[in-house]
Amino acid sequence: MIRAHKYLDLATCVVSVAAHILELLLVNRAMDVRELWEVLEVRLGDRARFNVLDALNLLFLLGKVDYDATADVLFLREAR
Amino acid sequence: MLAVCPNCHAKATVGQIDVLSQRMYKTRLQSQALVRQFTSDALRPDSAIRFSWDDLKTVITGMRTLISAATPQSSAEDFTIVDLDKKNRLNELGREYFEYMRQHHEPFFGRITAFLSDPTNQHVATTYFAIVDELRSKLAAGRSQFASFEEALLRFVELATQQWPHGNKERAVLTILLSFMYFNCDIGRKS
């Protein structure tokens with residue numbers, strides 16, 4: 001998922017998309033998942049769309065973001 | 001009786017060797033021949049020596065992630081690039097063919113790179129690197145049979161297209177792909 005290979009597009013790879021998600025959440029604190037998806041698509045192009053889910057998984061596994069299923073909102077987890 | 005040597009044959013004629021011993025001797029010879037026949041190629045499926053291919057496959061499947069995660073030689077993670085002039089000398093690629101590649105194949109390289117770097121084509125990229133890894137070992141093994149590198153590449157194209165029902169249509173694409181591999185240092189000697 002995050003391993004680099006020779007022809008990896010650095011602009012739209014999982015790590016890059018994850019960085020953009022963090023940047024957006026730092027500004028907005030919480031975002032609707034669909035809205036986040038659309039913003040990323042506008043920012044990074046169609047290709048990035050494919051990696052958004054993997055990037056969210058990565059950030060969730062690292063404990064950086066959390067998801068509220070009832071509100072369908074993604075938010076930044078507070079640093080302890 | 002044919003299996004018995006002339007000395008033993010004479011002994012059998014004069015009754016020094018009994019019929020039972022002769023039969024035992026011949027049976028032993030037949031069973032030895034049978035064992036030899038089925039053990040000469042121990043890796044044959046009908047070999048008397050059984051080799052568990054399924055067990056081997058299970059072990060390999062289990063270790064695949066382990067090996068692929070730690071193989072520094074994998075073409076996917078080989079980022080070394082060599083100056084093409086130096087590479088041409090190392091691989092003995094002819095000047096004429098190199099210029100041909102430049103003129104006719106290089107214009108497609110941008111599109112191939114874009115295709116391989118597209119996340120939606122990730123599975124194709126994985127297959128591409130697997131092919132490159134295999135091709136590297138094949139070229140290393142068979143390179144000495146060819147006078148020049150382009151000969152080896154064209155022979156590969158010829159063999160590959162023979163395997164496909166409509167191989168001639170794919171010949172041009174495969175030739176361009178091999179040139180792309182060469183230009184991007186996926187195949188061919190670099191040192």
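Helices (H or I, at least four residues) and strands (E, at least two) are DSSP runs, numbered from the N terminus. I note that this is a predicted model, in which local features need pLDDT of at least 70 and side-chain atom pairs count only at pLDDT 80 or more, while totals for chains, interfaces and linings use all residues. Residues are numbered from 1 along each chain as its sequence is written, and chains are lettered from A in the order in which they are written.

**Entry 1: two loop residues.** I looked up B:Glu92 and found it in the loop between helix H4 (84-91) and H5 of chain B. Its phi is near 55°, a positive value in a residue other than glycine. Most residues other than glycine have a negative phi. A residue is buried if 20 or more other C-beta atoms, placed from the backbone, lie within 10 Å of its own, exposed if 12 or fewer, and partly exposed in between. Because A:Arg29 has 10 C-beta neighbours inside 10 Å, it counts as exposed.

**Entry 2: the sheet of chain A.** I traced an open sheet of three strands in the order E1-E3-E2, with antiparallel pairing; two strands pair if DSSP finds at least two bridges between them. Strand E1 (30-32) and strand E2 (65-68) of chain A stand at the edges with a single partner strand each, so one side of each has no neighbour in the sheet. Three bridges join E1(A) to strand E3 (residues 73-76) of chain A, and A:Ala30 stands opposite A:Phe75 in E3(A).

**Entry 3: the core.** I looked next at the largest nonpolar core, where a core is a set of buried Ala, Val, Leu, Ile, Met, Phe, Trp, Tyr and Cys residues joined through C-beta atoms within 7 Å. This core has 17 residues, and B:Phe149, B:Leu153, B:Leu178, B:Phe180, B:Met181 and B:Tyr182 touch the most other members. H9(B) gives the most to this core, with five residues.

**Entry 4: where the chains meet.** How many residues of chain B are in contact with chain A? I found twelve, in contact with nine residues of chain A, where contact means that the C-beta atoms, placed from the backbone, lie within 7 Å. H6(B) gives the most to the side of chain B that touches chain A, with three residues.

Terms used. Two residues are in contact if their C-beta atoms, placed from the backbone, lie within 7 Å.
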